[in-house]
Amino acid sequence: MRISLRGLHSILKKLKTVFAFLCCANTQVAAICLKLLLFFASSLPYCLLSTTEMLRKYFLRSLLILDDIWDSWILKAFDNQCQILLTTRDKSVTDSVMGPKYIVAVESDLGKEKGLEILSLFVNMKKADLPEQAHSIIKECKGSPLVVSLIGALLRDFPNRWDYYLRQLQNKQFKRIRKSSFYDYEALDEAMSISVEMLREDIKDYYTDLSILQKDVKVPTKVLCILWDMETEEVEDILQEFVNKSLLFCDRNGKSFRYYLHDLQVDFLIEKNRNQLQDLHKKIVTQFQKHYQPHTLSPDQEDCMYWYNFLAYHMASASMHKELCALMFSLDWIKAKTELVGPAHLIHEFVEYRHILDEKDCAVCENFQEFLSLNGHLLGRQPFPNIVQLGLCEPETSEVYQQAKLQAKQEVDHGMLYLEWINKKNIKNLSRLVVRPHTDAVYHACFSEDGQRIASCGVDKTLQVFKAETGEKLLEIKAHEDEVLCCAFSTDDRFIATCSVDKKVKIWNSMTGGLVHVYDEHSEQVNCCHFTNNSHYLLLATASSDCFLKLWDLNQKECRNTMFGHTNSVNHCRFSPDDKLLASCSADGTLKLWDVKSANERKSINVKQFFLNSEEPQEDMEVIVKCCSWSADGTRIMVAAKNKIFLFDIHTGGLLAEIHTGHHSTIQYCDFSPQNHLAVVALSQCCVELWNMDSCLKVADCRGHLSWVHCVMFSPDGSSFLTSSDDQTIRLWETKKVCKNSAIVLKQEIDVVFQENEVMVLAVDNIKHLQLINGKTGQIDYLIEAQVSCCCLSPHLQYIAFGGEDGAVEILELLNNRIFQSRIGHKKTVRHIQFTDDGKTLISSSDDSSIQVWNWQSEEYVFLQAHQETVKDFKLLKNSKLLSWSFDGTVKIWSIITGRIEKDFVCHQDTVLSCDISPDATKFSSTSADKTAKIWSFELLSPLHELRGHKGCVRCSVFSVDSTLLATGDDNGEIRIWNVSNGELLHLCAPILVEEGAATHGGWVTDLCFSPDSKMLVSAGGYLKWWNVVTGESSQTFYTNGTCLKKIHVSSDFKTYVTVDNLGILYILQMLE
């Protein structure tokens, strides 16, 4: 046996602990060990045999302790058939000896407390007395027992080097962490490299290849099979050798093996192989390209998630810029990746590699990043949307649109359905990022002080933390046992406070998500929490429905002060910029200012008095002051109550300004910009507004949310603001971009005429202008200003008619702008209006339960009055007949010439919500709030079929063109298709699994229309959907920016579709051919 000097030195080190111990115990053992040393030095076989015999003779019943053994023949030298306690990083060394083996697994990762305990034993201090650096050192040791023990040994010898060793760990300067008298290795890098040196020569390069792995990433075997071009069994054999020597860790999850490195091993490999890293990354990308096409990865492949998450990282690290751009600018890759992992990681990659992607084309990079950011709430949901259809909604100059158009044309040839949004160039999307972190309403969201993170909370009882730029999730915490109402970052960003309906206040570590404190002193739900602005003396204020405010010092277990004074729920609280005052808002109608130091009330402002009038006694009026916000200089405070904003002078308490938002909804939240005079206001009717508080003028409307907006908040620098809503989304808006936006939007009451190649739309906007819009060219003619509640076009586009909120009915002749006004109007708001086919008669219905038939050229009137409640709507029949339906549950057939009822059908016990007439004019349908639909013959007063099965109000119905089918839609988003002849259910549309609490159609189904061949059906609800009538399956979904679509207007050839969403956005869609 030949041993090098280096090998001899290593052997002697291994033996020194045992040798020293045995020397103290017995001089005979000393002689044995000396003989063993001679054996190791001279390699004489007879020495080994004789010394082993002597060990067996004298120490047969002993426990022999061998520490840090690497070579099996060292163990064999001590094999005297006694019990051996062995420590090793290579468990294969025991293969050289016989006898039973018992493995005591040692955790590879020490927890924080265990690490501190070990460190305290080394430095002979109590754990509680360890300096602050000890916590940081344990964090940097990444749970490695090897590193903790080495640092502990060094600190025993050099107790003043806490800062030094922490700095070296942080900077990955492993060579500078030098040998301690207690430890075997010259430096930390040697302690780690010794394991690598003991590898067989033929597998060392494979271990070097692992330098490209990221921390905390478990890599499937298949990835390394691709990297090394080997069979699974060959790869596993190599990796097992690394695992045996503690160079790699294996997570065995069923049949699948996943491998990972300790963080410090990653740092060590990167440092050691720094000059090879680019080539190593290039190697794995090249191997991937050899085996796969990026978008062909299948979810059932073991390694697909790894490639989706890290392929771009490897390309960037390999400086393969061309390949990276081709990958990131591919709609196929975007589609495949977002379907599996959502959009946030992709957005992160666009931000991370922006400097590379911009080299290719910064505009293209911006196209894709904006596409992902603004559709993130859709791309992260189930069922996954058709990404090609989403791409077709992008501007025509966008690379996303161009790729989507190309793919769509190819797929249309194979029977797919796609829609072009032909008037989209007039639409501006003002949101910068839309995320959907929660599964229910989002009550509150806030920025971290550095503006890099956002925390949010809501009905799902969780606290979510994500990156402000990309929406990438950082933390998800099951925070409370009930709805979480508010959350707040501390000024130093170390903590996040949450408060809940469960009456508890909790403090969390903002980086780890660890629970720091639980405060349980409020007796009712806690509505608001807010930290002081100065991090040197951190206080938390909480406001509760128990009428109290409390101040908490995070260094104490109990509250510091309780503030009494409000007589009803305290909804909101905010510290002044200098932290000297705390403002609170209450359902008792007051704003109070408190001295933070003494916790005494400084001032009380009665906001309720500004709503008083002589007709309503003060004691009968409820004024809930919802929230408040300080100006940046702390001299003014803004307060929201009902639909008004008040601005008060702090010193005098005087009213400086009062703003009436002009909405019927209430203000939910308001926030002052930290940089200027702007304020952002959230309203319960889905809208967000920006106001100039100096001029008291509205600057902009921000439309995008689909339900109540609960919270608005500016970023610390005021450049952006966030909004959170019942629609489960959080939106980020750029302040400057929003301020430049026009606030003109359409109401949903429109009329459409399809004429040859033209689409003409008559609409009214939010500033009371009637607009005539050419759908193909985008030209807009502003016709007249009026209080319009409904409008319609004559068949040949010669006239328009409109009804008013005051009951008036008017006609405008387009050629010369002449106006004709009905002498006898309605008594209440006009809801529906329609010309007869010849354009000579105008029919209108109203909330006054009447229908007016006006021959406007002869000034003749016929009134149809018999309904006991509001007329829901009407349809014209042939032979001067009219069918109407009402909230009174009846359907009536009228003669519009005589005004007499010809048939009176008592259809439902509840409101009749819709009717349709079969194209063969023999039948009609009725649907109701009683959750049923019925098919009727005009000849019979009892229904032919009663259609049951809907679980919500049946809101709409439509016959197929051949009169053989009837489709019905309900408030649960469900569509049913029935056989008209026998009433049999043929299909239940939308039989898809959706997230809990989500309607299958995004809301009520409000309108339906069959294609001429009765093979397709389009439906309107939360968005638009097209269905295959034969199979009942969805053919396409068009996601509108808003929701709550009331009606879908369809051309006779079923190729053009027009609707308006609740944000006032007009959609003119054309089937792609």
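Colleague: Which residues of α17 meet which residues of α18?

Modeller: In this predicted model, Trp333, Ile334, Lys337 and Thr338 of α17 are in contact with His345, Leu346, Glu349 and Phe350 of α18. Sorted by class, the residues of this contact are four nonpolar, two polar and two charged.

Colleague: How should I describe the geometry of such a pair, and what are the values for α17 and α18?

Modeller: Two packed helices are described by the angle between their axes and the distance between the axes. For helix α17 (residues 331-341) and helix α18 (residues 344-352), the axes come within 9 Å and cross at roughly 130°. That angle makes α17 oblique to α18, because an angle has to be over 145 degrees to count as roughly antiparallel.

Colleague: At what angle do α7 and α8 pack, and how far apart are their axes?

Modeller: Helix α7 (residues 145-157) packs with α8 at an angle of about 150°, and their axes are 10 Å apart. The two helices, α7 and α8, are therefore roughly antiparallel to each other, and their crossing is right-handed. On the α7 side the contact is made by Val147, Ile151, Leu154 and Leu155, and on the α8 side by Trp162, Tyr165 and Leu169. By class, this contact of α7 with α8 has seven nonpolar residues, no polar residues and no charged residues.

Colleague: Where α6 passes α8, is the crossing left-handed or right-handed?

Modeller: The crossing in which α6 passes α8 is left-handed. The axes of helix α6 (residues 132-140) and helix α8 (residues 162-170) come within 10 Å and cross at roughly 25°, and α6 and α8 are therefore roughly parallel to each other. In this pair, Gln133, Ala134, Ser136, Ile137 and Glu140 of α6 meet Trp162, Asp163, Leu166, Leu169 and Gln170 of α8. The residues of the contact of α6 with α8 divide into five nonpolar, three polar and two charged.

Colleague: Let us turn to single residues. Is His314 buried or exposed, going by its relative accessible area?

Modeller: His314 has a relative accessible area of 0% and is buried; the cut-off needed for that reading is that buried means under 20%. His314 lies in helix α15 (residues 304-317). Not counting residues up to four places away in sequence, His314 touches Ile212, His281, Ile284, Val285 and Tyr306.

Colleague: Where does Met1071 lie, and which residues does it touch?

Modeller: Met1071 lies in strand β65 (residues 1066-1071) and counts as buried at 18% relative accessibility. With residues up to four places away in sequence set aside, Met1071 touches Leu417, Tyr418, Leu419, Phe1054, Lys1055 and Tyr1057. For one of these residues, Phe1054, there is also a separation: Met1071 and Phe1054 are 17 residues apart in sequence and 8.3 Å apart in space, taken from C-alpha to C-alpha.

Colleague: Which loop holds Thr911, and which residues is it in contact with?

Modeller: Thr911 has its place in the loop between β50 (901-906) and β51 (912-917), and at 10% relative accessibility it counts as buried. Leaving aside its neighbours within four places in sequence, Thr911 is in contact with Ser886, Phe887, Thr927, Ser928 and Ala929.

Colleague: To finish with the protein as a whole, how many helices and strands does it have?

Modeller: The protein has 22 helices and 65 strands, and buried residues make up 56% of its 1073 residues. Of the contacts between residues at least 6 apart in sequence, 48% join residues at least 24 apart. The accessible surface of the protein comes to about 47900 Å², and 49% of that surface belongs to carbon and sulfur atoms.

Terms used
Residues numbered from 1 in each chain as written. Predicted model: local features only at pLDDT ≥ 70, side-chain atom pairs only at ≥ 80, totals over all residues. Heavy atoms only, no water. Axes fitted to C-alpha atoms, helices over the stretch in contact; angles between N-to-C directions. Helix = DSSP H or I, 4+ residues; strand = E, 2+ residues; numbered from the N terminus. Parallel < 35°, antiparallel > 145°, perpendicular 65-115°, else oblique. Left-handed = near helix turned anticlockwise from the far one by under 90°. Contact = heavy atoms within 4.5 Å. Nonpolar A, V, L, I, M, F, W, Y, C, P; charged D, E, K, R; others polar. Buried < 20%, exposed > 50% of the residue type's maximum accessible area, 1.4 Å probe, protein only. Areas by Shrake-Rupley, 256 points an atom, 1.4 Å probe, with all protein chains shown as cover.
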